[in-house]
Amino acid sequence: MHTESRCLGCGPVPPLHVPEHIGPEIVASVVDRITATADAPVTPLWCPWPLPPGWTLTGVAYAGDERTGVRATAVACAGPAPLGGGPADLVFVAEEPGVGLGTRLAGLSGPDPGPQLVDALTDPGPGHPEHVGQARIRVGGHPTPLWLVNSRADRSAYAGEARGMWLHAIAWPASAGHLLAEDVVLHDLTEWTPPELVYGAPSPHLSGKA
């Protein structure tokens, strides 16, 4: 018997909560849940703002329980693919070390992208005198590099660090990762939720239905 949620492959894991619908009331309730534990660091709820043209917010999720508090969050967005060819999806994950939500969405084993980031940082690639991030976005007003890590072939995944936590960006299809080469700015919805946010159909990626 165990009191905590468990994964057959990973052992104890914080339970993942994915609302079935998305809208301003859902976002507000998730923000309230994230900020409920006053004596613990608040896990950011990173959302692109302003949203890229034609994009909508399609889901939010968090991992944690009453005992541990919220240890990971995820925000899903959808819109036109940057290179054309149909729709695209992006999920941004903020999490404490050892949670594993970002690697799960990327289709990887293990709780953290650390080993892959070591490889990315020590292998700059041809033509580069030193290592560089494959994506550089602004997170909470600060330039933040993200490095490409291995993922399943139908998606691309990037990982880095922001506010002392892992930051993951996972894109479907893989070519949608080119969006991160544009001027993407992430805003923490726990600090302020823009009333102009546009909401779309719920993302199937957060609940594992795609």
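Mentor: Happy to. Let's begin with β4 and β12, which run antiparallel and are joined by three bridges. Keep in mind that this is a predicted model.

Trainee: Which residue stands opposite P48 in β12?

Mentor: That is L186.

Trainee: And in what sense do β8 and β12 pair?

Mentor: Those two are parallel, with two bridges between them. R138 has V185 of β12 as its bridge partner.

Trainee: OK, what about β8 and β9, parallel or antiparallel?

Mentor: Antiparallel, over five bridges, with β8 covering residues 135-139 and β9 covering residues 142-149. Within β9, P145 is the residue opposite R136.

Trainee: Can you put the whole sheet together for me? What is the strand order?

Mentor: The order is β3-β5-β6-β7-β11-β10-β9-β8-β12-β4. That makes an open sheet of 10 strands with mixed pairing.

Trainee: Which strands stand at the edges?

Mentor: β3 (16-17) and β4 (46-48) do. Each has a single partner strand, so one side of each is left without a neighbour in the sheet.

Trainee: Which strands does helix α1 touch?

Mentor: Helix α1, residues 24-34, packs on the sheet and touches β5 (56-65) and β6 (69-80). Its direction makes about 30° with that of β5.

Trainee: Stepping back a bit, how many helices and strands does the protein have?

Mentor: There are three helices and 12 strands. The protein has 210 residues, and 45% of them are buried.

Trainee: And the contacts, what share joins residues at least 24 apart?

Mentor: Counting contacts between residues at least 6 apart in sequence, 58% join residues at least 24 apart.

Trainee: What about the surface, how much of it belongs to carbon and sulfur atoms?

Mentor: That share is 56%, out of an accessible surface of about 10,500 Å².

Trainee: Changing topic, I clicked on T103. Where is it found?

Mentor: T103 is in helix α2, which spans residues 101-106.

Trainee: Is T103 buried or exposed?

Mentor: Buried: its relative accessible area is 2%, and the cut-off for buried is under 20%.

Trainee: What does T103 touch?

Mentor: Leaving out residues up to four places away in sequence, T103 touches L108, G110, P111, D112, P113 and H168. Its side chain also reaches the backbone oxygen of G100, at 3.0 Å.

Trainee: Next, the peptide bonds. Is the one from W49 to P50 cis or trans?

Mentor: It is cis, with omega near 0°. P50 sits in the loop between β4 and β5.

Trainee: And what joins W172 and P173?

Mentor: A cis peptide bond, with omega at about -15°. You'll find P173 in the loop between β11 (165-172) and β12 (185-188).

Trainee: Last one, R163. What is its phi?

Mentor: R163 has a positive phi of about 55°, although it is not a glycine. The residue lies in the loop between β10 (156-162) and β11.

Trainee: Great, thanks for the walk-through!

Terms used
Residues numbered from 1 in each chain as written. Predicted model: local features only at pLDDT ≥ 70, side-chain atom pairs only at ≥ 80, totals over all residues. Heavy atoms only, no water. Helix = DSSP H or I, 4+ residues; strand = E, 2+ residues; numbered from the N terminus. Buried < 20%, exposed > 50% of the residue type's maximum accessible area, 1.4 Å probe, protein only. Contact = heavy atoms within 4.5 Å. Areas by Shrake-Rupley, 256 points an atom, 1.4 Å probe, with all protein chains shown as cover. Pairing = 2+ DSSP bridges. Axes fitted to C-alpha atoms, helices over the stretch in contact; angles between N-to-C directions. Polar contact = N/O pair within 3.5 Å; in protein donor to acceptor, adjacent residues only side chain to side chain.
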